[in-house]
Amino acid sequence: MADLEIDVRSFDIPRLVTVYPDRARLRWWTKAWFNNKEDGEASVEINRQTAVGFIRDEIAKDAMLEKYYPKQMEACRHAIEQTREQLMKQLNIT
């Protein structure tokens with residue numbers, strides 16, 4: 001029987017963040033979706049500089065999420081850690 005090899009560090013929760021302007025392009029917003037939920041989180045107003053930085057990949061996805069959706073990111077980290085611990089117990093890894 002072959003050994004089962006699993007990378008317990010690879011568990012993740014899907015998360016998506018986007019930025020968009022209002023119709024007049026005067027105000028900018030960010031919106032996030034966690035764990036493939038269809039409705040996503042409430043939009044949050046951000047400044048234009050932040051929106052442009054995100055669009056230009058100068059601001060990372062997780063940095064945006066940490067700043068504007070900190071409670072949701074904390075829940076993601078907690079869920080990932082719980083899943084990792086449960087898998088390690090199942091595989092008898094300490």
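Me: Hi! What share of the 94 residues in this protein is buried?
Reply: Hello! Buried residues make up 26% of the 94. Keep in mind that this is a predicted model.

Me: Okay, and how many helices and strands are there?
Reply: The protein has 3 helices and 3 strands. Going along the sequence, the pattern reads β-β-β-α-α-α.

Me: How do the strands line up in the sheet?
Reply: They make an open sheet in the order β1-β2-β3, with antiparallel pairing. β1 and β3 (44-46) are at the edges with a single partner strand each, so one side of each has no neighbour in the sheet. On average, neighbouring strands are turned by 30° against each other, ignoring direction.

Me: What actually holds strands together in a sheet?
Reply: Strands of a sheet pair through backbone hydrogen bonds, and the pairing can be parallel or antiparallel.

Me: How many bridges do β1 and β2 share?
Reply: There are 7 bridges in that antiparallel pair. For example, Thr 18 has Lys 31 in β2 as its bridge partner, and Leu 16 stands opposite Trp 33 in β2.

Me: And how many between β2 and β3?
Reply: That antiparallel pair has 3 bridges. Across it, Thr 30 stands opposite Val 44 in β3.

Me: How much of β2 is buried?
Reply: β2 is mostly covered, with 5 of its 7 residues buried.

Me: Changing topic: what is between β1 and β2?
Reply: The two strands form a hairpin, and 6 residues lie between them. Arg 25 is in that turn and has a positive phi of about 60°, in a residue other than glycine.

Me: Is Arg 25 buried or exposed?
Reply: Arg 25 is exposed, and its relative accessible area is 56%.

Me: Now the inside. How many residues are in the largest nonpolar core?
Reply: The largest nonpolar core has 15 residues. Those with the most contacts inside it are Val 19, Phe 34, Ile 46, Met 64, Leu 65 and Tyr 69. At least two core residues come from each of β1 (15-21), β2 (28-34), α1 (48-55), α2 (61-68) and α3 (70-90).

Me: What does Phe 34 touch?
Reply: Setting aside neighbours within four places in sequence, Phe 34 is in contact with several residues, including Pro 14, Leu 65, Tyr 69, Met 73 and Cys 76.

Me: Which residues of α2 are buried?
Reply: In α2, Met 64, Leu 65 and Tyr 68 are buried. They cover an arc of only 95° around the axis, which puts them on the same side of α2.

Me: What covers those buried residues?
Reply: The cover includes β1, β2, β3, α1 and α3.

Me: One about the whole chain: what share of contacts joins residues at least 24 apart?
Reply: Counting contacts between residues at least 6 apart in sequence, 41% join residues at least 24 apart.

Methods: Residues numbered from 1 in each chain as written. Predicted model: local features only at pLDDT ≥ 70, side-chain atom pairs only at ≥ 80, totals over all residues. Heavy atoms only, no water. Helix = DSSP H or I, 4+ residues; strand = E, 2+ residues; numbered from the N terminus. Buried < 20%, exposed > 50% of the residue type's maximum accessible area, 1.4 Å probe, protein only. Contact = heavy atoms within 4.5 Å. Core = buried A, V, L, I, M, F, W, Y, C linked by side-chain atoms within 4.5 Å. Pairing = 2+ DSSP bridges. Axes fitted to C-alpha atoms, helices over the stretch in contact; angles between N-to-C directions. Arc of directions from axis to C-beta.
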